[in-house]
Amino acid sequence: MPTETFEFQVEARQLLQLMIHSVYSNKDVFLRELVSNASDALDKLRLAALRDDAPDADVSDLHIEIEIDDDARTLTVRDNGIGMSYDEVGQLIGTIANSGTAEFLKELKDAEEAAEGLIGQFGVGFYSGFMVADEVTLLTRRAGEGHGTRWTSRGEGTYTLETVDEAPQGTSVTLHLKPADPENQLHDYTSVWKIKEIVKRYSDFITWPIRLVPEKQGDGDDPPEPETLNSMKALWARPRDEVSDDEYHELYKHIGHDWRDPLETIRLQAEGTFEYQALLFLPAHAPHDLFTRDFQRGVQLYVKRVFIMDDCEALLPPYLRFVKGVVDAADLSLNVSREILQQDRHIEMMRRRLTKKVLSTVKDMKAKDLEKYATFWREFGAALKEGLVMDAENREAILAVSSFASTHDDSEPTTLAQYVERMKDGQDDIYYLTGESRQSIENSPHMEAFRDRGIEVLLLTDPVDEVWVDAVGEFDSRKLRSVAKGEIDLDAKDDGKDESEREKQSEDFAGLLGWMREQLDEDIKEVRLSSRLTVSPACVVSDAHDLTPALENMYRAMGQEVPRAKRILELNPGHELVKGLNQAYKEREDRTGLADTAELLHGLAVLAEGGQPKEPARFVKLVAERMERAL
Ligand code: ADP
């Protein structure tokens with residue numbers, strides 16, 4: 001087959017541009033990325049061999065090799081792992097599979113900090129070679145296949161692919177190094193010393209030998225033995241005091257495909273009948289796709305130091321899907337499948353223990369390092385709160401580390417326990433309001449009376465909030481109550497207003513309320529007077545046991561049929577507009593115009609809570625008519 005030239009996919013080209021005009025101060029990490037890929041390829045081949053999936057593969061001496069050629073100024077990283085077929089090279093190396101990438105790249109443009117994160121998140125590891133090389137050649141042969149594939153690119157717009165007859169099993173990546181430029185952190189990567197240093201620093205824990213191919217000697221000399229540069233020790237099996245934080249962090253970067261240090265490292269050694277070691281990490285940044293359906297979750301599973309699978313979802317519950325790490329179990333079959341793991345009793349016990357360990361780590365973090373906890377909560381709180389719904393067993397533990405924005409303080413979130421401590425005399429319930437943003441909630445008419453009376457309200461803005469408050473129901477024997485649901489009677493506690501006055505008011509408005517209910521029958525099941533409002537004329541609320549509109553929308557988005565629940569319209573009897581409406585209702589025989597006003601009032605109430613009037617065009621027309629009349 002002739003050499004064919006292909007264009008990089010648009011996103012891939014953008015990323016390459018980032019690499020070439022290198023956004024990183026630290027270019028050494030290209031080697032970590034290549035070694036990491038090589039290590040993965042060796043893991044995959046060993047696994048295939050274990051499962052008898054690679055009958056023709058040679059697995060006798062799996063390793064990684066680094067070769068320096070001073071004269072040609074090249075550096076080659078070679079592995080004899082699984083390799084890639086012609087088609088795979090095109091797919092894996094020429095494109096970026098992740099669909100979120102394009103979108104992310106748009107946001108990113110020149111933000112360097114974000115660009116660093118990009119590398120890790122989208123696994124563009126291989127491209128990082130272009131930080132230090134002006135041309136990269138990849139030669140690969142898929143284990144068991146007859147011929148190989150050569151891929152070459154200068155990182156500009158195109159790459160070439162060609163089939164080659166002879167190629168060793170596995171993959172070698174050859175970098176044609178740019179001239180060294182120490183001022184820009186571009187070191188001389190033909191330096192043996194430098195390469196040793198980088199491997200030691202970033203890749204020491206890699207479980208495969210990383211060998212340095214010795215320089216060629218004069219004719220006749222015996223070639224010296226290659227030197228192994230890494231210790232290959234599994235970090236999770238080593239005592240805590242023998243391992244530095246940096247070493248843990250490098251392991252995290254390798255398995256978490258992240259560029260940055262983790263927020264927290266968690267070690268767990270379980271002895272007894274079912275032995276295992278776990279090394280888990282809480283990342284410092286939530287991946288952008290954490291809430292998408294195809295988010296890859298789970299930690300790596302090893303069995304007695306042998307890599308078994310990535311993304312082992314059986315080891316942690318879905319709400320901890322952001323946790324990265326390694327679990328190494330002593331007594332599992334090397335052939336264990338995902339299906340078996342889902343049902344295994346030991347795995348189930350392990351999941352429970354690991355879950356508790358993660359939660360207790362967050363709790364410690366909250367007690368000892370508030371700033372760190374705040375970062376954690378900002379990044380992963382929305383995911384963790386899913387556990388309040390799904391994991392009844394750990395609900396208390398999750399609630400204990402959950403914090404929420406509140407009207408008490410603009411910047412500091414509060415726990416439920418702190419809220420309860422601040423509750424006013426006579427206040428029985430914990431109040432909250434859900435919405436799109438803090439601002440929209442704070443401006444919602446439902447808040448008016450609470451603000452007036454200085455009653456604290458939790459401001460909940462994550463989609464999951466609507467769900468967990470229902471599932472949890474109460475805290476410390478106090479009901480969690482939405483200020484936009486059901487009847488809220490703050491006046492009952494208010495000695496200022498007497499009972500008979502309120503009764504008189506009800507009688508006075510009874511006619512209007514009944515008439516309005518009929519007018520708005522399609523959307524409203526009740527019209528009543530409100531004690532929530534001080535400034536706004538009206539608001540809509542949901543019945544105590546009905547779904548809120550946000551929740552209805554969420555179910556619909558998930559493809560579930562839910563009927564639209566009619567809501568309740570509350571009027572502010574102290575508002576001039578409402579008083580006037582009542583007056584007009586009593587005086588007029590012909591109520592046609594009044595019906596439009598009732599409709600408008602309902603529309604205003606919907607708008608005020610961030611919703612949309614049912615027929616926006618009609619709403620606008622009615623408003624415009626009235627404005628015209630007022631001129
Ligand atoms: P990542 O490693 O984060 O997935 P890369 O761009 O580095 O991203 O690699 C893309 C894909 O190319 C890898 O997921 C892997 O399937 C394949 N690949 C890269 N290097 C090798 C290698 N040495 N051997 C086999 N496959 C490789």
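Guide: Buried means under 20% relative accessible area, exposed over 50%, and partly exposed in between. The model here is predicted.

Visitor: Is E264 buried or exposed?
Guide: E264 is found in strand β10, residues 264-270. Its relative accessibility is 19%. The cut-off for buried is under 20%, so E264 counts as buried.

Visitor: Which side chain makes a polar contact with the side chain of E264?
Guide: A polar contact needs a pair of N or O atoms within 3.5 Å. For E264, the pair lies at 2.9 Å. The partner is the side chain of K372.

Visitor: What separates the C-alpha atoms of V306 and R46?
Guide: V306 has its place in strand β13, residues 306-312. With 15% relative accessibility, V306 counts as buried. Along the chain, V306 and R46 are 260 residues apart. Their C-alpha atoms are separated by 8.6 Å.

Visitor: Which residues gather in a patch of negative charge on the surface?
Guide: One of them is D70, in the loop between β2 (64-69) and β3 (74-79). Patch residues need over 30% relative accessible area. D70 has 42% and is partly exposed. The residues of the patch are D69, D70, D71 and E215.

Notes: Residues are numbered from 1 along each chain as its sequence is written. This is a predicted model: local features need pLDDT of at least 70, side-chain atom pairs count only at pLDDT 80 or more; totals for chains, interfaces and linings use all residues. Side-chain values use heavy atoms; hydrogens and water are left out. Patches are made of residues with over 30% relative accessible area and no salt bridge: like charges are joined within 9 Å, nonpolar side chains (Val, Leu, Ile, Met, Phe, Trp, Tyr) within 5 Å. Accessible areas come from the Shrake-Rupley method with a 1.4 Å probe; for residues, only the protein chains shown count as cover. A salt bridge is a side-chain nitrogen of Lys or Arg within 4 Å of a carboxyl oxygen of Asp or Glu. Lys and Arg count as positive and Asp and Glu as negative; His and the chain ends are not counted. The place of a charge is taken as NZ of Lys, CZ of Arg, CG of Asp or CD of Glu. Helices (H or I, at least four residues) and strands (E, at least two) are DSSP runs, numbered from the N terminus. Buried means under 20% relative accessible area, exposed over 50%, partly exposed in between (1.4 Å probe, protein chains only). A polar contact is a pair of N or O atoms within 3.5 Å; within protein, one must be able to donate a hydrogen and the other to accept it, and residues adjacent in sequence count only if both atoms are side-chain atoms.
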